[in-house]
Protein chains: 2
Amino acid sequence: MEVLQALAGSVDVLTFDHEQVPNRLLETLQSSGANVAPPPAAKLLAQNKLHARKVLGDMGFPVPPFAVAETPADIERFASHVGMPLMAKAATGGYDGRGVWTVSNLDEAADALNEAGGQLLLEPKLALECELAVLVARTASGHTACYPPVETVQRDAMCREIIAPASASPALIAAAEQLAVDVADQIGATGILAVELFVVGGELKVNELALRPHNSGHYTIEGCTTSQFEQHLRAVLDLPLGSTALCAPHVVTVNVVGSGATTPLRDRLVAALAVHGAHIHLYRKDDRPGRKLGHVTVCGSQAADVRAAAQRAAALLEGAEL
Amino acid sequence: MEVLQALAGSVDVLTFDHEQVPNRLLETLQSSGANVAPPPAAKLLAQNKLHARKVLGDMGFPVPPFAVAETPADIERFASHVGMPLMAKAATGGYDGRGVWTVSNLDEAADALNEAGGQLLLEPKLALECELAVLVARTASGHTACYPPVETVQRDAMCREIIAPASASPALIAAAEQLAVDVADQIGATGILAVELFVVGGELKVNELALRPHNSGHYTIEGCTTSQFEQHLRAVLDLPLGSTALCAPHVVTVNVVGSGATTPLRDRLVAALAVHGAHIHLYRKDDRPGRKLGHVTVCGSQAADVRAAAQRAAALLEGAEL
């Protein structure tokens, strides 16, 4: 804590790049006068899915039907309303499919309850038309800048592709932008807020929030005038926000996911670097199956070509046959 | 030298980002088996203007008329052929107008000879139609990738603006690209080569070379699919070269030059950040009049708007009235 206090005393603002920073520490810093952005109370909405659902629902934002389960009886009660299968989610700590279970019966649900440590967020298995993500930057002064909503494509409950702009109807796009800005204002976000949305029956439901530069916004590094990282710093420093315009008609990011490939990484990289227009980002993580190891972004004018090139480069990095 | 040898032994390739690295050290490393890219012999062409003129002229590339002066009599002889004023340049160590003198008579020429340490490259004061710069990347395997030629705008012998693409005729653009690639091949450049060209009487003359990422290529950071820095690394590592396509129809970079402004830098930065689409780069150098402190790049579809926005942001950073 002393180290953090000293740091706080030497800088204009404290921010973070993931949500697992203990809120207790941030609250102590804030109450001793440090400028913590985003504020810890807002950050908690990204850290605890159950808390977020309750707060956003109470604020009047559209959220999927949900229930809290702390006993098998709670699960049984919710299942009797919405049927099986159910989505069961740990309130905290989940990411990339971890902490999320599709349960088909009460035994599986009880196992999930156990694994989650005795508390679950339950949700019906919704018929999703698609998933959208909207990045919005907000300054402490209340200025906001919204990025074009993107479509996120999941496999095994992990985001694999980000397609910008989303191909949804103009009305739905406008509604998604307005919803994201309203959430940012209502919760008092500062910095980058990522709002993950389900589209169900033509309507938007808020799934999750992230209060930091987010995987769904990595496409902005090459794809938008201002990257989400620069924008986050502009926002937490209360500087003028940058343009969120796309640099090309179509931008696609494909995540590179560990596959246990045995081809040397250098060979895979050389193959991927030869894909025209592929911007390759590797995170220097050990290659473990199911782990996000990097991403590839491609910008261009033809949607199908752009997506195919990004998919091809990502597949080569994952060890696809050369 | 031991430190350098140890470094060389631990890496795939050694490169540099300015030309004042002593060639003696690079040659020793190279002769002990290190992969030095670009090779020291090629680098010398960027380090010594006189050497470059002679070598490029001997190779048959078009260079401006020139002479070497080591005595006042040498100057007098050249002036008797081409008249006054003359351009007098130190063979080494000059940049941003330093080491370059316009001399109108023999007294001024003698002063320049003194200041340059007894050796000058002399040149007639040419009627330049414009100046172009062409970046080309070349791998050790001999692959090349040429960036779109840009127009460079000088004030006080310092490059102030880079306008991409250059508005010269398609034939002149094609000739400039071919010339740059030919120079890269002939001198065995690896990495980024910047070829600075004069346009005189509709013809190209090679002014100077740089064998490294260059000020005239900073526009590529946001303006091209592959930045010159990434491309330099791809080239010296003999990896596939990236696309050199422009990301927008027009890209302009304006250098930020020290003016001795007294407004706090933060205020100037806030003003410049509000210029729509301005990408601001500051080099954390002390503000001294005439020193390049940073640059601003703007991309867009309207040439005049793009240039005006970049000029405006740079002027604000230099301390223009807010």
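**Close-up views of a two-chain model**

**Figure 1. Asn255(B) and its polar partners.** A polar contact of 2.9 Å links the side chain of Asn255(B) to the side chain of Asn215(B). Please keep in mind throughout that this is a predicted model. Asn255(B) sits in strand β11 of chain B, which covers residues 250-257. Is Asn255(B) buried or exposed? With a relative accessible area of 0%, Asn255(B) is buried. Setting aside residues up to four places away in sequence, the residues that Asn255(B) touches include Arg160(B), Ile162(B), Lys292(B), Gly294(B) and His295(B). Ala314(B) and Glu318(B) are also among them.

**Figure 2. Arg53(B), a buried arginine in a helix.** Here we move to helix α4 of chain B (residues 49-58), where Arg53(B) is placed. Its relative accessibility is 2%, and because the cut-off for buried is under 20%, Arg53(B) counts as buried. Which residues does Arg53(B) touch, not counting those up to four places away in sequence? Among them are Val63(B), Pro64(B) and Phe66(B), along with Lys89(B), Leu121(B) and Glu123(B). Val206(B) and Asn207(B) are touched by Arg53(B) as well. Val63(B) is ten residues from Arg53(B) along the chain, and their C-alpha atoms are 6.7 Å apart.

**Figure 3. Thr297(A) and Thr253(A), a threonine pair in chain A.** Now for the other chain. The side chains of Thr297(A) and Thr253(A) are joined by a polar contact of 2.7 Å. Thr297(A) belongs to strand β13 of chain A, residues 292-300, and counts as buried at 0% relative accessibility. Leaving out neighbours within four places in sequence, Thr297(A) has contacts that include His218(A), Tyr219(A) and Glu222(A). Val251(A) and Val252(A) are also in contact with Thr297(A), as are Gly277(A), Ala278(A) and His279(A).

**Figure 4. Arg284(A), an exposed loop residue.** Staying in chain A, look for Arg284(A) in the loop between β12 (279-282) and β13. At 85% relative accessibility, Arg284(A) counts as exposed. Gly294(A) lies ten residues from Arg284(A) in sequence, with 8.1 Å between their C-alpha atoms.

**Figure 5. The interface of chain B and chain A.** This view shows where the two chains meet: 16 residues of chain B are in contact with 16 residues of chain A. About 1,400 Å² of area is buried between them, and carbon and sulfur atoms give 58% of that area. Leu239(B), Pro240(B) and Leu273(B) provide 31% of the area that chain B buries against chain A, more than any other three residues. Helix α10 of chain B (residues 265-273) gives the largest share of the side that touches chain A, with three residues. That side of chain B is made up of eight nonpolar, five polar and three charged residues. How many salt bridges does the rule find across the interface? The count is zero, while four residue pairs are in polar contact across the interface, both residues being at pLDDT 80 or more.

**Figure 6. The rotation axis relating the two copies.** Chain B is superposed on chain A by a rotation of 180° with 0.0 Å of shift along the axis, giving an RMSD of 0.0 Å. The two copies are therefore related as by a two-fold rotation axis. Which residue of chain B comes closest to the rotation axis? It is Cys247(B), with its C-alpha at 3.5 Å. Of the interface residues of chain B, 100% are also interface residues in chain A, so the copies meet through the same surface.

Terms used. Residues are numbered from 1 along each chain as its sequence is written. Chains are lettered from A and ligands numbered from 1 in the order in which they are written. This is a predicted model: local features need pLDDT of at least 70, side-chain atom pairs count only at pLDDT 80 or more; totals for chains, interfaces and linings use all residues. Side-chain values use heavy atoms; hydrogens and water are left out. Contact means heavy atoms within 4.5 Å. Buried area is the accessible area (1.4 Å probe) that two parts lose on being put together, summed over both. A salt bridge is a side-chain nitrogen of Lys or Arg within 4 Å of a carboxyl oxygen of Asp or Glu. A polar contact is a pair of N or O atoms within 3.5 Å; within protein, one must be able to donate a hydrogen and the other to accept it, and residues adjacent in sequence count only if both atoms are side-chain atoms. Helices (H or I, at least four residues) and strands (E, at least two) are DSSP runs, numbered from the N terminus. Ala, Val, Leu, Ile, Met, Phe, Trp, Tyr, Cys and Pro count as nonpolar, Asp, Glu, Lys and Arg as charged, and the others, Gly among them, as polar. Copies are superposed by least squares on the C-alpha atoms of residues with pLDDT of at least 70 in both. Buried means under 20% relative accessible area, exposed over 50%, partly exposed in between (1.4 Å probe, protein chains only).
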